[in-house]
Amino acid sequence: MAGAGELIVIDGSYGEGGGQIFRTALAYAALVRKPVRIFNIRAKRSNPGLRPQHLAALRALAQVTQARVTGAYVGSMEVTFVPRTIRGGRYNINIGTAGSVTLVIQALLPALLFADRQSEVTIRGGTDVPWSPPVDAVRFVLIPALKRLGARVELEVIRRGHYPKGGGIVRLTVEPLDAPLKPIELMEQGIVRAIRGVSHCVRLPRHVAERQARAAERVLRDEGFANIQITREWYEPGRDPHLGPGSGIVLWAETTANAILEYDSLGARGKPAERVGEEAARGLIEQIRRGGAVDVHHTDQLVPYMAIAAGTSRIRSSEISLHTLTAVWVAERVIGAKFHVDGSQGSPGTISCEGIGLERA
């Protein structure tokens, strides 16, 4: 890790070379209040440079940290971010597109845990959009896991937003930490006690949500799972506040060891509702079969919290992804936490980390 005040330089083309390395570098720099320069932003994407949701995350973090920023425009390939503090309060973020609100939350949440007061952040954009965590995975899986580490976080969904119209609204409330986060110990999957889920549709007939849920339930029952509860969410015509049609389903397992195992699928034009439900169910079954205590997607989302926790964290992942390896690489360079990854990309593996025990200033 660079010394105090020393500029940290991150090549945005490293690893997966997309928006994740940009968001995580910003989030880590904000946490430890160190200046960072990120170049080759999203260099491996067909439309390289900052997109609106990345710009929204940058501007939001700059506001929270009173940072000095250069390169803050759509298409920018290089950004310098110099944070000064972490200030809580009320913030309003409008991505302006169907850009992912959950990816903005990923960038903001770690810093807000170390703010000087409570934070209430209203974000407008896409809640259930491709290539990003659906909002139900964040509020029903990730946030409960963070609460077990000592975080006090709530996420309210006011309105969903789907591609291409967006228009979703969420409200994130974060209380500052009183003590460093507890380390994460998730090495055993335990016994699956129940499968929970939410199947939703907006600006679509009720049967879409119903068919997604029934298809998922059928696949899960065929694999021997019995305690299955999937909530159906839909809106009557004339009382539907959403801007455009969309659907999706999020499923997660509840186990005796508090494992974090989730999978999801989004609806799309021409994609049968049954296929949406079956995809999510089969994906969850695969994560369970691999024997991990944390699914492939939540593994990389836990990396920042492992890095700042007090003590040694260990997790058994159902699959080590390139996203995870990239997140570890950035955390070691910006935060200075020491990670050990036992396993290869695409396979189950164990990740351990000696966290820095970050405390609120």
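# Close-up views of a predicted model

**View 1. Helix 6 from end to end.** Helix 6, which covers residues 273-289, has 17 residues and reaches 25 Å from its first C-alpha to its last, a span close to the 24 Å expected at 1.5 Å a residue. As in every view here, the model shown is predicted. The buried residues of helix 6 are Ala273, Val276, Gly277, Glu278, Ala280, Ala281, Gly283, Leu284, Ile285, Gln287 and Ile288. Just after helix 6, glycine 291 takes a positive phi of about 85°.

**View 2. Helix 5 against helix 6.** Two packed helices are described by the angle between their axes and the distance between the axes. Here the axes of helix 5 and helix 6 come within 7 Å and cross at roughly 35°, and the crossing is right-handed. On the side of helix 5, the residues that take part are Val208, Arg211, Gln212, Ala215, Ala216, Arg218, Val219 and Leu220, and they meet Ala273, Glu274, Val276, Gly277, Glu278, Ala281, Arg282 and Ile285 in helix 6. The residues of this contact divide into nine nonpolar, two polar and five charged.

View 3. Glutamate 278 has its place in helix 6. Is glutamate 278 buried or exposed? Glutamate 278 counts as buried because its relative accessibility is 19%, and buried means under 20%. Leaving aside its neighbours within four places in sequence, glutamate 278 is in contact with Ala215, Ala216, Arg218 and Val219.

View 4. Four strands form an open sheet in the order 11-10-12-13, and their pairing is mixed. The edge strands are strand 11 (228-233) and strand 13, each of which pairs on one side only, while the twist averages 10° from one strand to the next. Strand 12 and strand 13 run antiparallel and are joined by six bridges; within this pair, glycine 248 has leucine 266 in strand 13 as its bridge partner. Helix 6 packs on the sheet, where it touches strand 10, strand 12 and strand 13, and its direction makes about 160° with that of strand 13.

View 5. Strands of a sheet pair through backbone hydrogen bonds, either parallel or antiparallel. In this view four strands form an open sheet in the order 5-6-8-7, with mixed pairing. Strand 5 and strand 7 are the edge strands, each pairing on one side only, and neighbouring strands of this sheet are turned by 15° against each other on average, direction ignored. Strand 5 (residues 89-94) pairs with strand 6 in the parallel sense over six bridges, and the bridge partner of tyrosine 91 is valine 121 in strand 6. Strand 7 and strand 8, in contrast, pair in the antiparallel sense over seven bridges, with arginine 159 standing opposite isoleucine 169 in strand 8. Strand 6 (residues 119-125) is mostly covered, since five of its seven residues are buried. Helix 3 (residues 101-112) lies across strand 5, strand 6, strand 7 and strand 8, and runs at about 165° to strand 6.

View 6. Most residues other than glycine have a negative phi, and most peptide bonds are trans. A cis peptide bond, with omega about 5°, joins tyrosine 163 and proline 164, and proline 164 has its place in the loop between strand 7 (152-159) and strand 8 (168-175). Arginine 33, found in the loop between helix 1 (19-32) and strand 2 (36-39), has a positive phi near 55° although this residue is not a glycine. Arginine 42, which lies in the loop between strand 2 and helix 2 (52-65), also has a positive phi, near 55°.

Methods. Residues are numbered from 1 along each chain as its sequence is written. This is a predicted model: local features need pLDDT of at least 70, side-chain atom pairs count only at pLDDT 80 or more; totals for chains, interfaces and linings use all residues. Side-chain values use heavy atoms; hydrogens and water are left out. Helices (H or I, at least four residues) and strands (E, at least two) are DSSP runs, numbered from the N terminus. The expected span of a helix is 1.5 Å times one less than its number of residues. Buried means under 20% relative accessible area, exposed over 50%, partly exposed in between (1.4 Å probe, protein chains only). Axes are lines fitted to C-alpha atoms, for helices over the stretch in contact, and angles run from 0 to 180 degrees between N-to-C directions. A crossing is left-handed if the near helix is turned anticlockwise from the far one by less than a right angle, and right-handed if clockwise. Contact means heavy atoms within 4.5 Å. Ala, Val, Leu, Ile, Met, Phe, Trp, Tyr, Cys and Pro count as nonpolar, Asp, Glu, Lys and Arg as charged, and the others, Gly among them, as polar. Two strands pair if DSSP finds at least two bridges between them.
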